[in-house]
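Biologist: Please take one part of this protein and go through it closely. I would like to know what lies around it.

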Amino acid sequence: MPFISPTELKAWTHEIHYVVIGGGTCGLTLAGRLSEDPNVNVLVIEAGTHHVNDPLVDVPGNRGRALANPKYDWAFSTVPQSHANNRRLFEPRGKGLGGSSMLNYFGMFRPSKDDIDALEKLGNKGWNWDSLLHYMKKSETLVEFPISESDAVTFAAKIEREYHGTNGPLKKCLPREWSQLQKTFFDTAETLGIPRNPDTNGGHNVGAMTSLTSIDPTTGTRSYSSTAYLDPNLHRKNLLVLLDAQVTKIIFSKEGDLHKAVGVEFVKDNSLDRITGIQKDCIISTGSFKTPQLLELSGIGNPSILSKFDVETLIDLPGVGENLQDHIVLSTIAEVETSEKTNDDLLDPEFLKLHKELYETKKAGLLASGPKSAFMFVPAEKLGSDRDLISWQDQMHAGCTDTLAQVHPALRLGLEKQYAIQRDLFASKDQAQAEILDFIGHRPDPNSTPVLGKHYTSLGCALMHPLSRGTVHIASSDPLAPPEIDPNYFANEADLDLLVHIAEFALRMMKTSPLSDCVKEVILPKKEFLERGREGLKDYIRATCTPVFHPVGTASMLPREDGGVVDAKLKVYGTSNLRVVDLSILPLEVSCHTQTVAYGIGEKVASSTCLK
Ligand SMILES: Cc1cc2nc3c(=O)[nH]c(=O)nc-3n(C[C@H](O)[C@H](O)[C@H](O)COP(=O)(O)OP(=O)(O)OC[C@H]3O[C@@H](n4cnc5c(N)ncnc54)[C@H](O)[C@@H]3O)c2cc1C
């Protein structure tokens, strides 16, 4: 059944129990699981299309090529970032079934136990590591290849089976090929006090490791929420999917003091349409940028913002669109001497041709896997001296005091609690404040162009727990206009200072053996920045940093008195049946890439009694 037109939908004589708005990572996980029960009917409404059998999506080696293409990507940009040279930063988000899991870079990481236990500490009963680990495992199947004991140790790729799922719809695997430059990265990390952590999936993610990838190794294709939770279930008569339809408003009726979502308005083929008669729940799963927009367009949010665009306030909820956090990254890139092939060699037409053939004939080679890479998660104590740590804490205190003074009074209590947790994470040697992403080759960067025939290594430097808080709000009453995204990067100076130290750590790696033995020249940051020490690095960061595409927080799961938008059952305050199920509900950024958490949230909500 699944694909249905508005006309067929109107003629459909059965009840619709659940409407899931947004067929993305969380949305399809939830819809796939809910529709396992033949007694409930689930309708997914997705603004984009079904990218089935599309090489731009499926072939791992095409990673990044669909970015900025409106068929696949919402391609948002931020407002000018006042603490980053007033630049507008590019913010891709997947459009179409699969959402951002259809566009992402395959990394399958897990947060730390403390990152997730923080959710429960912030007042959300049942949201803890043990519970989420169970659901993250439920979503996945680890496909294993034979790997020698010595390779598993050398490349920090030892599998602890108890941390991985064996029966879930999403496939994940380790890379098949290893690079000596990865070994070099791990050995250098150890010299600097960051040991290998062979399996970071059990709640302790500090250390250096090889990442699992969301790739199905049997087909050599991307595994994502559409291939995992929708495509195998297209035969279900109780699962309906309306494509190319952008939901613009939730329709409510009054149920006592509460608002009940009874239908939605959507735009398809340039005309406005609606469906009504939702029997159970209406679930918004449109991601951290579009979810607050849809809530606001529907009359839920801060009245002073809504009134500017003539939207009548139904529920006064000032937390909507606030508390935005994202990881931010800068590039350090060096030219290296190596006899190995690196990701750079794909620039060579002959080498690329060889790998295309390998892919077509055997589903093998560099196009069948994520790029050669290695990763490291680093606690604050390894990023600076004791004096630096004290100075950061002072800076954090001053910056947080400023932010607390500026936020809406209704959010203050919740933000104070978040900052208290962030201070504990910062002080712990077991919690990561930085990620170093080693791309074995020249990472795409507009500030430097790789030269064919040369080899590079890139150490991306990312900040894990930003203190700055941004916003996403409507900027127009036109529901098809993009929301105004303001991550407000570096509003808290401590974020910038910490990122400088993360960059210094990466540059220190390039000067430490064995990595230094292969480094010929540091390409980025350019000399003019490096010559000016920390001030130069600050300027470099302001001029070049980019988001890592992990936005969270804009419909935070927190008690209402703490500025929350949804409760621990993900129900929007003031409603009887409207829920948000996507990454916007995370009140605090996690110290890793975010897709595993999205799958875990979808699975958890589908299994919980709150929707039954
Ligand atoms: C380029 C990129 C690379 C990334 N790389 C990684 C990585 O390597 N590892 C990792 O763990 N994470 C990665 N991420 C992050 C991760 O993919 C996301 O955090 C996660 O997929 C978000 O899931 P979500 O369900 O919150 O939202 P999404 O998956 O984005 O789903 C939102 C869905 O809602 C739809 N939608 C929006 N508005 C409407 C509307 N009004 N009506 C109908 N439908 C609507 C969208 O089209 C989309 O399908 C990356 C993200 C990007 C963009």
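Modeller: What follows is a look at one helix, the sheet beside it in the discussion, and the ligand shell.

This is a predicted model, in which local features need pLDDT of at least 70 and side-chain atom pairs count only at pLDDT 80 or more, while totals for chains, interfaces and linings use all residues. Residues are numbered from 1 along each chain as its sequence is written.

The part is helix α2, residues 25-34. Helices (H or I, at least four residues) and strands (E, at least two) are DSSP runs, numbered from the N terminus. The protein has 18 helices and 27 strands by this count.

Helix α2 is mostly covered, with ten of its ten residues buried. A residue is buried if 20 or more other C-beta atoms lie within 10 Å of its own, exposed if 12 or fewer, and partly exposed in between, with C-beta atoms placed from the backbone. The buried residues of α2 include T25, C26 and G27 at one end of the list and G32, R33 and L34 at the other. For comparison, buried residues make up 55% of the 612 residues in the protein.

What covers them? The cover of the buried residues of α2 includes strands β1, β2, β12 and β16 (278-284), and helices α8 (225-230) and α18 (595-607). Contact here means that the C-beta atoms of two residues, placed from the backbone, lie within 7 Å.

Two strands pair if DSSP finds at least two bridges between them. Strands β1 (residues 16-21) and β2 (residues 42-45) pair over four bridges, and I21 has I45 in β2 as its bridge partner.

Helix α2 also gives two or more residues to the shell around the ligand, as do β13 (245-255), α9 (287-297) and α18. The shell has 39 residues, and the closest are G22, G24, G99, N104 and H593; a residue counts as near if its C-beta atom, placed from the backbone, lies within 6 Å.
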